[in-house]
Amino acid sequence: MTVAEPLDLLEAGRKRNCYFSNPRRIHMERVQVQFDDVVFGRRSIRGYKPDPVPKALIEEILALAMRSPSSMNTQPWNFTVVSGEPLDRIRAGNTERNLAGVPHSREFRIGQAFAGQHRERQVGVAKQLFAAMGIEREDKEGRQDWVLRGFRQFDAPVCVIITYDRELADSDDTAFDCGAVTTALVNAAWSRGLGAVINSQGIMQSPVVREHAQIPDDQVIMKAVALGWPDEDFPANAVVSERKRVEEAARFLGFDD
Ligand SMILES: Cc1cc2nc3c(=O)[nH]c(=O)nc-3n(C[C@H](O)[C@H](O)[C@H](O)COP(=O)(O)O)c2cc1C
């Protein structure tokens, strides 16, 4: 597989922008179909092949993701890409602490437990995943294994730790910007045939991640993204989660139709 240099990609993007300034020169349909394929086709991947992911390909994906907008173009995000031994140490540390019942310690605020429609959606996707994996409601061991899988970053060959600059910690825009870049990252990965799952599980024991991923003190750990080549035979990878309808989420004001 030939992998474009990230800078080549940026250059290609710039050239494409020229096309966008002249609508007669672009083939809108083609652009749109490719975008739709990625957005509608992407789903969280929780089972991976062990094959390594080339560093240059990850750089290419990061270059795409980092075209995301951010508040005042502050770009508060940082990425620590972990593989091999350091990732194995994170997996082991996470597993050990969780089995020992060490309380979770994340570095950012989390709200109350979900209730109402949010709880229903949380349970909904869990049911889809457990059904795909053949894990019954009473199967405590099976459920525990599933949870531990998350703490092992789903045994993916790569984990990207998303952090933000501590001096911007007081602004909610920072979390917003990290979300934008992370969503772009998983879509960019999908566009290159890679699978990913954004996850909190990997950073619930943040001291473990901080130590083994050598996160500097001026960065705050936000989220983990497991990354790798999807295992097509892993049942949970086929799960397509549900979405509320546009009519439920959006209101339109001032339209004639
Ligand atoms: C902020 C955030 C945290 C998440 N944490 C986890 C997690 O800890 N474990 C997990 O298996 N999936 C996690 N996910 C993945 C979501 O469950 C998934 O995106 C959602 O169910 C929609 O499914 P889809 O990504 O397949 O479309 C997380 C996603 C986001 C955006």
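A residue is called buried here if 20 or more other C-beta atoms lie within 10 Å of its own, exposed if 12 or fewer do, and partly exposed in between, with C-beta atoms placed from the backbone. The model is predicted, so local features need pLDDT of at least 70 and side-chain atom pairs count only at pLDDT 80 or more, while totals for chains, interfaces and linings use all residues. Residues are numbered from 1 along each chain as its sequence is written.

Select residues 84–99 to begin: this is helix H4, whose 16 residues reach 23 Å from the first C-alpha to the last, close to the 22 Å expected at 1.5 Å a residue. Within H4, colour Leu87, Ile90, Arg91, Asn94 and Asn98, which are its buried residues. Looking down the axis of H4, you will find that these buried residues fall within an arc of 100°, so they line one face of the helix. On the other side of H4, Glu85 and Leu99 are exposed.

Next, show strand E1 (77–83), helix H6 (140–151), strand E2 (158–165) and helix H8 (206–212), against which the buried residues of H4 pack. Following H4, pick out Gly101, which has a positive phi, near 75°.

Then move to helix H3 (residues 55–65) and helix H7 (residues 172–191), whose axes come within 8 Å and cross at roughly 135°. That angle makes H3 oblique to H7. To see the contact (C-beta atoms, placed from the backbone, within 7 Å), select Ile61, Leu64 and Ala65 of H3 together with Val181, Ala184, Leu185, Ala188 and Ala189 of H7.

Key: Helix = DSSP H or I, 4+ residues; strand = E, 2+ residues; numbered from the N terminus. Expected span 1.5 Å × (residues − 1). Arc of directions from axis to C-beta. Contact = placed C-beta atoms within 7 Å. Axes fitted to C-alpha atoms, helices over the stretch in contact; angles between N-to-C directions. Parallel < 35°, antiparallel > 145°, perpendicular 65-115°, else oblique.
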